[in-house]
Amino acid sequence: MTNDAAWAPIRAQGRALMACTSGRPKLSDDQDRELFSESAGTCLLCSTSLFPKDPKRKRSIPIAERAHIIAHSDDGPRANPSITDSERAAPENIALLCPTCHTIVDRAPDEYPVQDLLDAKQARKLLVANIGGAQKFSDATEARKAVQRILIRNRIIFQRYGPSPEDGSTKSAETALTWSRRVRTEIIPNNRLILALVDVNSEFASTGDMEASELLRQHTDDLERKHRNRTLEGPASRFPSEVENIFKGDPV
């Protein structure tokens, strides 16, 4: 999909947009709060908290960077000269990222195309609306329900578009492309949200849960390398079945 096609739904909304100066998105307070709400206060790509705690100062440090999906300039990452300045400054064209992911996205724009980032934003928005993001729960039962909802979503995507568990084949070339896109925009963010849920609710996690989350982290890293055309140092790890039991046992 071209940048113009990806941007068409946003243009169709006819929303009043604010200007962007010096390459920095200029958003109203309401627009900024909406971005943070939709992202659950975490990086769109790695789900790292955008307000990490600083033990020395005994307070959180805001590290969020408001990154353009389509570049603010005609020679920037994912540039599209046909897009107006107001459209480039629209909240729909801004992704909240941690500094590391912002650097990666802009230095490797071909691996992070416009449509992928727009899809990732929409998937995160829906996910946060459904389960409240990587929130703190009062007990292991509620934490487990949140993880299970994400796993069910991933399982349905895999069953519809994923490769055969036996030989890795897909039904068609079109299905393979859809699967790869879904991995990038839904399954990888969903996996990272599970990891964030374990981190945030670690007091309910058993040793087995922590081990399962690390296996999931490795599996997710492999998925990202594979589906963003990066070189794997070895065979991609399979989805760890241990993740199905996260928050099921007794915490240690």
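1. Burial and overall layout. In this predicted model, 45% of the 252 residues of the chain count as buried. The chain exposes about 13600 Å², of which carbon and sulfur atoms supply 51%. Its secondary structure comprises eight helices and four strands, arranged along the sequence in the pattern α-α-β-β-β-α-β-α-α-α-α-α. Among contacts between residues at least 6 apart in sequence, 70% join residues at least 24 apart.

2. Helix 2. The buried residues of this helix are Gln31, Asp32, Leu35, Phe36, Glu38 and Ser39. They cover an arc of only 165° around the axis, and therefore lie on the same side of helix 2. On the other side of helix 2, Asp29, Asp30 and Arg33 are exposed. The helix is followed by Ala40, which has a positive phi, near 60°.

3. Arg33 forms a salt bridge with Asp30, with the closest N and O atoms 2.5 Å apart; both residues lie in helix 2, three residues apart, about one turn of the helix.

4. Aromatic pairs. The structure holds two aromatic pairs. In one of them, Phe36 with Phe51, the ring centres are 5.6 Å apart and the planes stand at 45°, so the pair is tilted. Because Phe36 lies in helix 2 (residues 29-39) and Phe51 in the loop between helix 2 and strand 1 (53-54), this pair ties together parts that are 15 residues apart in sequence. Phe36 is buried, with a relative accessible area of 17%, whereas Phe51 counts as partly exposed at 37% relative accessibility. For Phe158 and Trp179, the ring centres are 5.6 Å apart and the planes are at 75°, so the pair is edge-to-face. This pair links distant parts of the chain, with Phe158 in helix 6 (residues 140-161) and Trp179 in helix 7 (residues 173-200), 21 residues apart. Phe158 is partly exposed, with a relative accessible area of 34%, while Trp179, at 11% relative accessibility, counts as buried.

5. A salt bridge between a loop and helix 3. By the rule applied here, the count comes to 16 salt bridges, and one of particular interest to the reader tracing the chain joins the side chains of Asp74 and Arg88 (2.8 Å, N to O). Asp74 lies in the loop between strand 3 (65-68) and helix 3 (85-88) and Arg88 in helix 3, so the pair ties together parts that are 14 residues apart in sequence. Asp74 is partly exposed, with a relative accessible area of 48%, whereas Arg88 counts as buried at 6% relative accessibility.

6. Helix 8. At 1.5 Å a residue, the 21 residues of helix 8 (residues 207-227) should span 30 Å, and this agrees with its end C-alpha atoms, which are 30 Å apart. Its buried residues, among them Asp209, Ala212, Leu216, His219, Leu223 and His227, pack against helix 7.

7. The side chains of Arg217 and Glu214 meet in a salt bridge (3.2 Å, N to O), and both residues lie in helix 8, three residues apart, about one turn of the helix. Arg217 counts as partly exposed at 26% relative accessibility, and Glu214 counts as partly exposed at 37%. Salt bridges that share partners also join Arg153, Arg182 and Glu186 into one network.

Notes
Residues are numbered from 1 along each chain as its sequence is written. This is a predicted model: local features need pLDDT of at least 70, side-chain atom pairs count only at pLDDT 80 or more; totals for chains, interfaces and linings use all residues. Side-chain values use heavy atoms; hydrogens and water are left out. Helices (H or I, at least four residues) and strands (E, at least two) are DSSP runs, numbered from the N terminus. Buried means under 20% relative accessible area, exposed over 50%, partly exposed in between (1.4 Å probe, protein chains only). Contact means heavy atoms within 4.5 Å. Accessible areas come from the Shrake-Rupley method with a 1.4 Å probe; for residues, only the protein chains shown count as cover. Rings of Phe, Tyr and Trp (its six-membered ring) pair if their centres lie within 6.5 Å; planes under 30 degrees apart count as stacked, over 60 as edge-to-face and the rest as tilted. The expected span of a helix is 1.5 Å times one less than its number of residues. The arc is that of the directions from the helix axis to the C-beta atoms. A salt bridge is a side-chain nitrogen of Lys or Arg within 4 Å of a carboxyl oxygen of Asp or Glu.
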